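Student: I would like to learn how to read aromatic pairs, charges over rings and a sheet. Can we work through a case together?

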Amino acid sequence: MSPKKILIADDDRDLVRVLQMRCRQLGVDVITAHDAMTALTLIHEQRPDLVCLDISMPAGSGLSVCEMLSSDENLSSTAVIMLTGSNDEETIRRCHELCAYYVLKSSDVWQRMEPIVCELLEIQPAACGAIGAENAQEPQEPRYFRRGLSGLCDVISR
Amino acid sequence: MIGQRLRILLVEDDAGDARLVQIALQKTRQTDFHLQTTRSLETAEQLLAAEQFDVVLLDLGLPGCGGLDALRAIRRHDNDTAIVVLTGNTDETLAAEAVTEGAQDCLHKDEITPSGLQRVLRYAMQRQQMLVQLQQTTELLNQKNRRLSQLCETAHQFVDHVSHEFRTPLTVIKEFVTIVRDGLAGQVSQQQRKFLEIVNDRADDLAIIVDDMLDVSKLEAGQLSVWRRPTQLDEVFDHVRPILQRKAAIKEINLEITPEADLPGVFCDPEKIGRILVNLAVNAIKFCDENGTVKIWTRNCPESSEVIVGITDDGAGISPENLQRIFERFHQVDGASRCSTKGFGLGLSIAKELVDLNFGHIDAESELGKGSTFSFSVPFFHPDELVGRCLQRIEQLQAMPASATLIIASVDPSIEPAASNVVDEFLHHAFRGDDLVLQTQPQKWIIVANCPAEEVDDRCSHVLVSWNEANRMRPRGILPDIELRSEGTWPIAAQNEELTAAFRTQFVTEETPSRSATILVVDDDREMLRGLSLRLKASGYDILTACDGAEAIRLAGEHHPDAILMDNYMPVMDGLEALGRLVGQPDTAGIPVIMISASRRDERKSLQQGARFFLQKPCALNTLFSALEDVIENPVSAGAC
């Protein structure tokens, strides 16, 4: 079975790099983009299983990429995580309306993203080997409160 | 005024009356005046346009101009000149009306005396000058106000824009630090790990400052909306525990988080309560010395229908003078932040506002040298009580007498739980923090809005327009229409009896046919759990809930539900393992289980382990309900081995 593929799009290259490292550790293939147009093109070409988008990017917003995905028959089932520095209500609601997961930057981003990525791609969380012992005992962070209810979202479309 | 040349325009058609005025004027001590007499309104207007006069003496009995028409006519063209009306009429109300319409005084023709006339003229001019000045000052103030608003807006936008730009670099810092700390970039020594934790902690502090600044900005703009809903406080504690434990560990402080067991359900916005807890705890940790203790506790107060949440530290304590001002914005106490980020002093003022937004109150107690306790209340989920608190708060916020309107929002009863949740979030956003939005059924909300009768229609249509707009842009199909109906408006008074009574009648749920069956719903996603429970309850089922496999097994053994709906991916013990155990125990083996999972692969295993049905997420409610009905009617499957 071919490995799962994630697209990570953010204009901050360092952030993309660190997330890429984390995803590769899970055994997931990563493709990257630094603006909305490239992201959209790559999604069309390579059909990733999961897409992680920043909202404020050059050449368009992550939200409009997400909108375009939802209106495309073939791509509307792609899972989306919106990773953004904006925490205003409008943005969060918009993410929910688009059935995307919402993760705020400057919280413990990977700690919040990893469980979502693992569940969506049906893979096990990173083995404890490379991680220090005390982290293995860290209580599992419950999901971010306002997770988009992607589980039942498709039902609404009928 | 005496010694100044006074230019007077006398508009009088009767020669005799005019002569009287002239004589009186000549006999005054005003030696230097220029009197122009004209007999008609038209010429008067022309003269006023051409020359400057200090005062107009206007006869109200001019031919062709009834009552105060002449006065109005002159005022239309000229706002600066003082006007004294002359009348032969003894009507007092006419005099009062004349002043309202722009005259400075009214003189009765029979009472014109030199000294009287002089006084009237003098005061009329003075008044007129004051009036003109007042108008100019008002205009100036308005201008300045507009400018200030603009500046304020610019400042807000700047703060917002700059603040949220901090977040990406902070994230990058934290993520790289975490990667190195976790040994993913090479081995790390104990000391290196400790140092990296300090970096991480300070980055967290910066993030909190950014959050605080953005929140203050939103609070000021009245843009912070709250999403209050029935909440279990231990959900909130679970959410903040890891962050606080990390902070305490770095400062080597003992942190004890000990909420009471079996706390009743409360009504609040859990994220806001989380923020409050974090702000208070971060302060407590800051002000403690090494090996100090911070305790986070709860106290159930049924007599006041609230839960008190408190944070006690044994640090330096706060002096009485500081304690009085402790919740003021930007107020900071000196001398405690030993290796801590100082911040802007926003944390406590934000905490206070958030507590208030959640219908609670916040208190601080302290003794220098002994320590401090900060506590706040969170109300029970008792709808009656909540209405009372909401109204009390509106009354306190508004300077003028306020009214509250009861609005019912409803949607199609067949709405899916996820969609219902979207509507709930939307309604909380559309109605602001002052209003109380209570979901009573999946398809019904009762709203107590801070809104007078005449504004209700406007408000409602505004909300509906927003909903339609949001709907239009929804890529996955539109959500059902929301219907808003006002049940009446009442002034907010001490007892609010009528409003509460009307509220109660709305709250009585319709008789749902009881299906006399109990379902145990198991899912670690609390939002999902709440939505599904509401839906099942509305269909007449009794519900038990659990968030992990272990709890599910315990509840199943204790209560013997008629069916179990279980998610697979859960902490502590996942669904498949729980299923295996349930089937293996004699007292729970007979309970039919419906497994729900996003992964198709779990289907075979589930059915093998003994699940009656496997449903793949996302699954339609109808499918779910049919499966439930089937297993309840047929507890033992026909082909079970």
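The dialogue below takes these features in turn.

Tutor: First, the ground rules. This is a predicted model: local features need pLDDT of at least 70, side-chain atom pairs count only at pLDDT 80 or more, and totals for chains, interfaces and linings use all residues. Residues are numbered from 1 along each chain as its sequence is written, chains are lettered from A and ligands numbered from 1 in the order in which they are written, and side-chain values use heavy atoms, without hydrogens and water.

Student: Are Phe327(B) and Phe374(B) buried or exposed?

Tutor: Buried means under 20% relative accessible area, exposed over 50%, partly exposed in between (1.4 Å probe, protein chains only). Both Phe327(B) and Phe374(B) are buried.
Phe426(B) and Trp467(B) form a tilted pair, 4.8 Å centre to centre, with 50° between the planes. It links helix H13 (residues 417–430) to helix H14 (residues 456–472) of chain B, its partners 41 residues apart. Phe426(B) counts as buried because its relative accessibility is 3%. Trp467(B) counts as buried because its value is 1%.

Student: Which ring does Arg229(B) lie over?

Tutor: A charge sits over a ring if NZ of Lys or CZ of Arg is within 6 Å of the ring centre and within 35 degrees of the ring normal. Arg229(B) lies over the face of Trp227(B), 4.0 Å from the ring centre.

Student: What is the strand order in the open sheet of four strands?

Tutor: Strands of a sheet pair through backbone hydrogen bonds, either parallel or antiparallel. Two strands pair if DSSP finds at least two bridges between them. Here the order is S14-S15-S13-S16 (chain B), with antiparallel pairing. The edge strands, S14 (436–441) and S16 (483–491) of chain B, each pair on one side only.

Note on methods. Rings of Phe, Tyr and Trp (its six-membered ring) pair if their centres lie within 6.5 Å; planes under 30 degrees apart count as stacked, over 60 as edge-to-face and the rest as tilted. Helices (H or I, at least four residues) and strands (E, at least two) are DSSP runs, numbered from the N terminus.
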